[in-house]
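I opened my notebook to look through this structure piece by piece. Here is what I looked up, in the order I went.

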Amino acid sequence: MEKDVEIITITLNGVEVSGHPGMTILDLAHESGVDIPTLCYDPLLRSIGACRLCVVEEEHSGALLASCVTPIASGMMISANSPRVRERRRMMLELMLASHPDSCLVCDKGNRCELRRIASDMGIGAVELERIPQPAIIQEINPFIERDLSKCILCAKCIRACQELVVNGALDYFGRGFATKPATLGNLPLENSECTFCGTCIALCPTGALREKDTPYRGTTSQVVHTTCPFCGCGCNICLEVKDDQLIRARPGKEGINQGTLCVRGAYGLDFVNSPERLTIPLTRVEGSLEEASWDKAIDIAALGFKHIKEKYGPQALAVLGSPRCTNEENYLLSRFARGVLGTNNVDNGSSLYNSATRIGLGQSLGFLNSTNPLSDLEHAETILLIGADPSSSAPLVEYAVKRAVKQKGARLILVDPRQTELSSFSHLWLRPRVGTDVALINGIAKSIIDEGLLDEEYVSRRTDNFEELSKSLEGYTLDFVERTTGVLAQSIHQAAWLFAQAKEAAIVYGSGITQVSGSSGVMSLANLAMLTGNTGAQGGGIYPLQKENNTQGACDMGSLPDFLPGYQSVEDAKSRRQFEECWGISLPTSRGLTALEMMEEARSGRIKGMYIVGENPALTFPRPDLIREALSSLTILVVQDMFLTETGELATAILPAASFAEKEGTFTNFEGRVNKVQRALNPQGESLPDGEIILKLASRMGFLLPYLSPKEIMEEVCELVPWYGEDLGLEESRKSSTWGSIHQKRLLKGFPRFCPVEYTPKFEAGDGYPFVLIVGTTLYQFGSGSRSSRSSRLAKFSPEPFLEVSDPDARELGIVLGDGVKVMSRVGETTARARIVDTLPPGMLFMPLSSPQNYVNALFDVSLDPQTKTPALKACRVRVERIL
Amino acid sequence: MQGEGRKNLMMSEQRIITRNDQEQVRKTIADLQDQSWPLIPILEKVQEEWGYIPPEFIPTIAQALGLFPSQVQGVISFYAQLYTEPRGRKVVRVCRGTACHVRGGKTILKLVKRHLDIEEGQTTPDLEYTLETVACIGVCALAPNIVIGGKTYGHMNPKKVEQLLGHTKGGG
Ligand code: SF4
Ligand code: SF4
Ligand code: SF4
Ligand code: FES
Ligand code: FES
């Protein structure tokens with residue numbers, strides 16, 4: 001829509017400048033390089049004109065205007081620096097300082113205090129006004145945030161940040177007049193409020209009123225490095241503040257996916273990098289125990305060990321396990337190392353345990369391999385279907401986006417989750433199907449859409465394949481059948497169909513509740529729903545598969561997979577191979593390799609003899625850890641590369657100490673497909689080295705000099721060989737939504753989106769002796785196997801000991817009360833926890849957090865694999881519970 | 001665990017709010033919800049029905065109106081005539097205007113506090129009295145003044161305080 005846009009011209013400090021209608025005086029001043037001090041304004045927040053520091057004078061009328069809330073109007077004559085303006089600003093500042101305590105010198109906010117900076121810019125020192133006594137620091141026990149509201153200038157940035165950006169609403173003004181302060185509900189400490197310690201408000205608070213508690217290291221920042229959070233698949237942009245090679249704090253970046261927000265893990269959980277438990281020297285096994293060794297010796301043992309096995313048993317006796325926590329460059333190197341140096345396609349990464357369902361499901365139906373849209377598009381959806389995911393703990397950025405869509409844009413949320421979660425209160429329709437019946441439910445909704453004529457006929461007939469088959473396959477999924485199977489009322493299914501299909505744009509967000517319970521069938525059934533309604537990628541529509549780890553997407557993109565070279569080019573396809581053979585100057589193995597779990601099985605049966613595990617801890621995080629340990633112990637050589645001495649490392653022949661994310665360069669790819677920079681802020685601890693450098697050392701000791709001088713050179717090669725990475729090299733600057741479409745287009749495989757009929761197969765049917773279905777999930781204050789989050793001093797303080805949530809009726813039946821020790825037993829294993837009685841679960845269902853280093857719940861899961869994705873179910877299983885006396 | 005802490009603190013004051021009470025408030029909300037700024041009318045109505053706004057109702061009201069509980073609390077705290085604590089049957093207002101102040105109002109306040117055994121803004125556990133202070137009530141000639149249950153008493157002295165409120169002493 002090219003239209004003649006109206007231009008408004010004003011005079012600003014004697015110069016004519018023009019802007020668009022709707023711009024404020026402050027916007028235009030920023031654009032024209034005129035400096036106006038502000039305290040309550042932030043481009044991320046709605047402006048409220050509270051502090052009046054941004055006053056300017058309109059010279060015709062002599063009016064003093066708050067420039068951050070006054071729109072420009074033709075002919076205005078603005079002075080941003082007249083004597084009256086200066087006088088007024090000085091007055092406002094003096095008023096603020098009058099009620100401000102004199103503790104600037106010891107205030108932790110230091111140079112980041114905007115009040116102090118502006119005051120000194122204006123030459124205001126000690127204030128003559130009579131001091132107004134103020135309340136002191138609020139006593140709170142949380143280790144993250146300290147509030148000293150005597151320093152509060154009532155700019156309401158924290159309140160707006162909490163309401164508008166992260167939509168938690170933990171704070172609002174409390175009281176009147178002088179006594180007004182931002183407070184929580186009931187004026188309670190933050191830990192008893194809705195606050196999730198995301199750190200967003202602290203970063204925006206212009207004074208020392210909100211500040212970080214228990215900082216790992218004190219000092220004045222000497223360097224700020226922009227990098228990417230190493231925890232979840234959201235991939236937040238963070239600024240690391242550094243001094244003396246120590247991490248002082250992390251602040252949210254204002255670019256990227258997160259736009260000034262973070263979650264508690266990114267904000268306060270990164271001090272694991274300075275943990276005293278870091279491995280700083282290589283270790284090798286000498287007579288049964290691990291002893292310190294030189295790099296040369298450790299690399300020798302590893303390289304010669306692999307060489308020996310390769311020569312004696314062939315390359316198929318070796319296997320490599322990479323990690324979704326390593327960078328793209330490292331995963332690419334690892335893929336090349338396995339294929340080119342060892343000569344085997346036995347390479348996989350830990351995320352294949354849960355991610356294959358998306359790749360296969362979306363790949364076969366839509367031709368997409370990941371999220372079809374950037375997260376920012378989600379806020380344009382009219383309806384959001386959220387299923388099998390609790391983003392409040394697994395992907396907080398997605399939670400914020402969903403809440404913003406609902407609260408600020410009026411989107412309607414269909415929540416499918418048997419458990420009550422944070423988002424339940426935001427939902428318009430909340431369906432609670434029995435665990436494992438999602439496919440039946442989605443098929444039921446799909447059938448309802450077809451039967452009621454709600455489908456997007458034009459899209460279905462012109463742009464998709466295989467509709468007839470789908471339609472036939474759904475015949476059995478009558479409302480009646482689906483109600484009986486899922487326990488969801490027919491009326492609600494019907495309502496979901498309408499809500500979803502009638503929306504102009506409807507988006508689907510799913511997580512491991514789909515991929516790890518229903519597998520690729522679940523994903524395909526969701527893809528069918530999107531196709532039926534023409535929601536396969538337009539802004540506001542689309543499918544968002546959440547990824548667990550920071551670089552799940554990238555590790556797979558880079559070919560840390562047994563069947564794909566980088567860029568999902570099949571190892572069995574000669575043409576794909578040739579491209580890499582030419583580039584790497586070697587010939588490549590031609591048949592698909594073993595998946596992570598197959599490797600373990602083959603190791604147990606003795607066919608795999610040597611393994612190289614980089615950044616993974618299968619001895620704890622894979623199902624049946626007992627069997628995995630057995631497998632790993634039977635290897636001739638096990639080389640483990642990690643930051644910490646993990647359960648897997650305990651079994652190793654050699655351990656190579658790896659650098660943390662803060663100590664290396666490279667890129668992570670988030671769940672949206674956004675390629676984010678990782679930049680070095682610290683030097684590697686002790687003798688540890690970035691994973692990439694270690695892989696190069698190992699390759700060279702095995703006689704292969706891989707020609708890369710830096711991660712950047714690796715990325716350049718990736719860009720040539722993996723088509724869609726090429727466009728991402730400019731990184732965040734180029735990540736405007738406008739370029740997104742084309743990047744994704746290229747990833748569309750040949751042909752039309754194709755309906756893939758899928759059948760519901762009963763899961764977790766009542767088994768004798770195991771009456772409960774246990775669900776496991778992430779908690780906000782822990783992450784993954786906990787190897788990093790448990791070594792973050794503040795997260796560790798705040799994360800609970802292992803607990804089991806039990807519904808009230810079940811607890812009564814079992815004779816369990818709050819705090820009781822309980823033993824949870826499945827057919828294959830058992831674990832213990834403390835009981836919590838909750839009203840968020842339907843009877844018959846239990847919940848446990850996935851990670852707690854003391855007690856990993858995976859012991860309960862069997863290695864039985866989903867036939868299509870070859871991945872185990874790691875989300876739910878049948879158990880029984882006993883009280884420990 | 002966290003949730004429980006919150007609940008206990010909020011309920012420490014008075015009555016236990018039951019499910020039925022919540023239902024009743026939902027009805028009040030539903031009756032008043034269809035207007036452009038329903039929050040204040042709802043709060044006033046709740047206060048009228050309950051004598052104060054039990055904090056347990058804040059999340060219920062917030063949920064119904066699509067607000068955050070902290071926002072509802074913010075509004076309540078902004079208006080002097082809305083309370084989240086039960087009020088006594090009689091409000092005792094001690095004047096702290098200038099005239100009363102110079103004629104010993106401060107001592108009167110101290111005595112009243114001692115008799116009622118509560119601080120400013122609090123209510124006696126038997127819900128008989130709520131103690132407040134006010135700026136000048138316009139009868140400076142009689143200073144120091146107090147108002148009990150709408151009736152003004154002038155020329156206060158320790159003995160008169162004793163007469164008016166003595167029976168409550170220790171009766172907490
Ligand atoms: S830390 Fe986050 S959730 Fe807590 S008050 Fe601040 S913005 Fe709100
Ligand atoms: S605490 Fe900080 S951000 Fe919040 S109102 Fe006060 S000064 Fe502003
Ligand atoms: S853990 Fe995820 S949501 Fe939290 S800061 Fe890191 S990337 Fe962002
Ligand atoms: S910055 Fe404009 S009023 Fe605060
Ligand atoms: S000062 Fe107390 S009545 Fe005027």
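Before the first entry I wrote down a cut-off: a residue is buried under 20% relative accessible area, exposed over 50%, and partly exposed in between. I also noted that this is a predicted model.

Entry 1: Then I looked up Gln259(A), which is not a glycine and yet has a positive phi of about 50 degrees. I found Gln259(A) in the loop between strand E12 (246-252) and H6 of chain A. Is Gln259(A) buried, exposed or partly exposed? Its relative accessibility is 38%, so Gln259(A) counts as partly exposed.

Next I turned to Tyr568(A), which also is not a glycine and has a positive phi of about 55 degrees. Tyr568(A) sits in the loop between strand E22 (564-565) and strand E23 (569-570) of chain A. I read a relative accessible area of 12% for Tyr568(A), so this residue is buried.

**Entry 2: a cis bond in chain B.** I checked the peptide bond from Ala143(B) to Pro144(B) and found it cis, with omega near -5 degrees. Pro144(B) belongs to the loop between strand E2 (129-134) and strand E3 (146-148) of chain B.

**Entry 3: the surroundings of ligand 3.** Which residues surround ligand 3? I listed Cys229(A), Phe231(A), Cys232(A), Cys234(A), Gly235(A), Cys236(A), Leu262(A), Cys263(A), Arg265(A), Gly266(A), Pro396(A) and Leu397(A). Helix H6 (264-268) and helix H12 (396-409) of chain A are the elements that give two or more residues to this shell. I sorted the shell residues into nine nonpolar, two polar and one charged.

**Entry 4: a sheet in chain A.** I followed seven strands of chain A through an open sheet, in the order E14-E13-E26-E25-E24-E15-E16, with mixed pairing. The edge strands are E14 (289-292) and E16 (347-349) of chain A, each pairing on one side only. From one strand to the next, the twist averages 20 degrees.

I then picked out E25 (residues 637-642) and E26 (residues 654-657) of chain A, which pair in the parallel sense over four bridges. For Asp642(A), I found the bridge partner in E26(A) to be Pro657(A). Helix H7 (residues 295-313) of chain A packs on the sheet, and the strands that H7 touches include E25 and E26. The direction of H7 makes about 135 degrees with that of E25(A).

**Entry 5: helix H17.** Last, I looked at H17 (residues 490-502) of chain A, which has 13 residues. H17 reaches 18 Å from its first C-alpha to its last, close to the expected 18 Å. Among the buried residues of H17(A) I noted Ile493(A), Ala497(A) and Phe500(A).

Methods:
Residues are numbered from 1 along each chain as its sequence is written. Chains are lettered from A and ligands numbered from 1 in the order in which they are written. This is a predicted model: local features need pLDDT of at least 70, side-chain atom pairs count only at pLDDT 80 or more; totals for chains, interfaces and linings use all residues. Side-chain values use heavy atoms; hydrogens and water are left out. The expected span of a helix is 1.5 Å times one less than its number of residues. Buried means under 20% relative accessible area, exposed over 50%, partly exposed in between (1.4 Å probe, protein chains only). A residue is near a molecule or strand if one of its heavy atoms lies within 4 Å of it. Ala, Val, Leu, Ile, Met, Phe, Trp, Tyr, Cys and Pro count as nonpolar, Asp, Glu, Lys and Arg as charged, and the others, Gly among them, as polar. Two strands pair if DSSP finds at least two bridges between them. Axes are lines fitted to C-alpha atoms, for helices over the stretch in contact, and angles run from 0 to 180 degrees between N-to-C directions. Contact means heavy atoms within 4.5 Å.
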